[in-house]
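Please examine the structure shown here. The questions and answers that follow set computed values against the criteria behind each term.

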Amino acid sequence: MDTKLFWGSWPVVWAVLISGLAYGQSMPGEIVGEKLPVPGKPVHGTTSQLSEVERDMVDHMAPQQQAERLLQYAISHHRGATDEIKARVKQWRGQIKQTDSLTTLMDVALNGDDLRVRAAVFEIDLAVANLAKSNEEADALLKLGESDPQRAEYCIWYLGRLANRGVEPERIHSQLRVWAHSENEQVRLRAVSAIADIGSDDTVEDLVEAFHHDPSFPVRIDGAGCGLAHCGMLTRAQRMQAVPGLIEMVEDKKLDAETVKYGYRALREITDQKLGDSAPPWREWYAAHGTETTERFRQFQKAMESQP
């Protein structure tokens, strides 16, 4: 090799390398690496798409491990994970069980902000119980719940999930309304929670009613209040439908102070507003901004759904 030629061209080569490296490097002032703070918005280090390697790993797992790994990926917002759960869940029926690790993952997923991941939990939960998503299964659970009070809570739990997955939603909702007025506190709690799982517009009124008027504190707070503000399957726009009823609720002088406190908490969580525990400012805010806030939540949801 002509070393003079090589070294003579080296400044050009070096300049090209430096230029390429500079293009891929962080920009001046950009916070990366050890300077990256934990608080703040997400900073993506890799694609969020479920990778070929991850999908291949799942293919070689037993059903139990498939369900747990894919739910973990779904919680981590790997695009395609919920699709994989939907495609495989029918094969998991009778093949998976409620392990400690699956229970933990399901609890994390149900407390996350992604309703698709919550729906994936319902799919897995039905597979664990070996329940088909069919009208016949819903019919059997409805009859069992009515004829055997000892099994009612079990039936109610899965009926809410079936209704959310599109199985007999109107019929199931109608019966859940009946159970929501049972003399048995636990049955009412389970029924109100199941109504929140359905996720349809016409469940909002039921939840507001139970939050305001049920005689049991757990039913009011853990069932209806949580179902309106955080739990269940209502979208943010749907939750906004509860605001007028919640304002009426917190104005009720006959209502205990603790429930009123949770009413204001629900208002703040639903709306993202930091108003205090006083009804008039909430009425003023809703009159001025309720419609536009609901539409903003609806448009944000559409934008999220349109992402690949």
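**Surface, fold and salt bridges**

Q: How large is the accessible surface of the protein chain, and what share belongs to carbon and sulfur atoms?
A: The accessible surface amounts to about 18000 Å², and 54% of that belongs to carbon and sulfur atoms. The model is a predicted one.

Q: What makes up the secondary structure of the protein chain?
A: The protein chain has 16 helices and zero strands.

Q: What percentage of the residues in the protein chain is buried?
A: Of the 308 residues in the protein chain, 39% are buried.

Q: What share of the contacts with a separation of 6 or more joins residues 24 or more positions apart?
A: Such residues account for 64% of those contacts in the protein chain. A contact here requires heavy atoms within 4.5 Å.

Q: How do you know whether Gln-64 is buried or exposed?
A: The relative accessibility of Gln-64 is 10%. The limit for buried is under 20%, so Gln-64 counts as buried. Gln-64 is placed in helix H3, residues 63-75. When residues up to four places away in sequence are not counted, Gln-64 touches Gln-95, Ile-96, Lys-97, Thr-99 and Leu-102.

Q: Why is Pro-218 assigned to its accessibility class?
A: Pro-218 has 31% relative accessibility. Buried is under 20% and exposed is over 50%, so Pro-218, with 31%, counts as partly exposed. Pro-218 lies in helix H12, residues 217-229. Its contacts, apart from neighbours within four places in sequence, are Glu-185, Leu-189 and Gly-223. Pro-218 and Gln-186 are 32 residues apart in sequence, and their C-alpha atoms are 9.1 Å apart in space.

Q: What makes the pair Arg-88 and Asp-59 a salt bridge?
A: The N to O distance between the side chains of Arg-88 and Asp-59 is 2.7 Å. A salt bridge requires a side-chain nitrogen of Lys or Arg within 4 Å of a carboxyl oxygen of Asp or Glu, and the pair is accordingly listed as a salt bridge. Arg-88 is in helix H4 and Asp-59 in helix H2 (residues 52-59), so the pair ties together parts 29 residues apart in sequence.

Q: Which accessibility classes apply to Arg-88 and Asp-59?
A: Arg-88 counts as buried at 11% relative accessibility, whereas Asp-59 is partly exposed with a relative accessible area of 43%.

Q: How do you know that Arg-161 and Asp-197 form a salt bridge?
A: The closest N and O atoms of Arg-161 and Asp-197 are 3.0 Å apart, and the cut-off is 4 Å. This pair links distant parts of the chain, with Arg-161 in helix H8 (residues 152-164) and Asp-197 in helix H10, 36 residues apart. Arg-161 is buried, its relative accessible area being 3%. Asp-197 also counts as buried, at 12% relative accessibility.

Q: What does the salt bridge between Glu-251 and Arg-283 tie together?
A: The side chains of Glu-251 and Arg-283 meet at 2.8 Å, N to O. Glu-251 lies in the loop between helix H14 (243-250) and helix H15 (257-271) and Arg-283 in helix H16 (residues 279-306), so parts 32 residues apart in sequence are tied together. Glu-251 is partly exposed with a relative accessible area of 31%, and Arg-283 counts as partly exposed at 39%.

Q: How many salt bridges does a search of the whole structure find?
A: The search finds 20 salt bridges.

Q: Which residues form the negative surface patch?
A: The patch is formed by Glu-170, Asp-201, Asp-202, Glu-205 and Glu-209. Asp-201 lies in the loop between helix H10 (185-198) and helix H11 (204-213). At 45% relative accessibility, Asp-201 counts as partly exposed.

Conventions. Residues numbered from 1 in each chain as written. Predicted model: local features only at pLDDT ≥ 70, side-chain atom pairs only at ≥ 80, totals over all residues. Heavy atoms only, no water. Patch = residues over 30% accessible without salt bridge, like charges linked within 9 Å, V, L, I, M, F, W, Y side chains within 5 Å. Areas by Shrake-Rupley, 256 points an atom, 1.4 Å probe, with all protein chains shown as cover. Lys, Arg positive; Asp, Glu negative; His and termini not counted. Charge placed at Lys NZ, Arg CZ, Asp CG, Glu CD. Helix = DSSP H or I, 4+ residues; strand = E, 2+ residues; numbered from the N terminus. Buried < 20%, exposed > 50% of the residue type's maximum accessible area, 1.4 Å probe, protein only.
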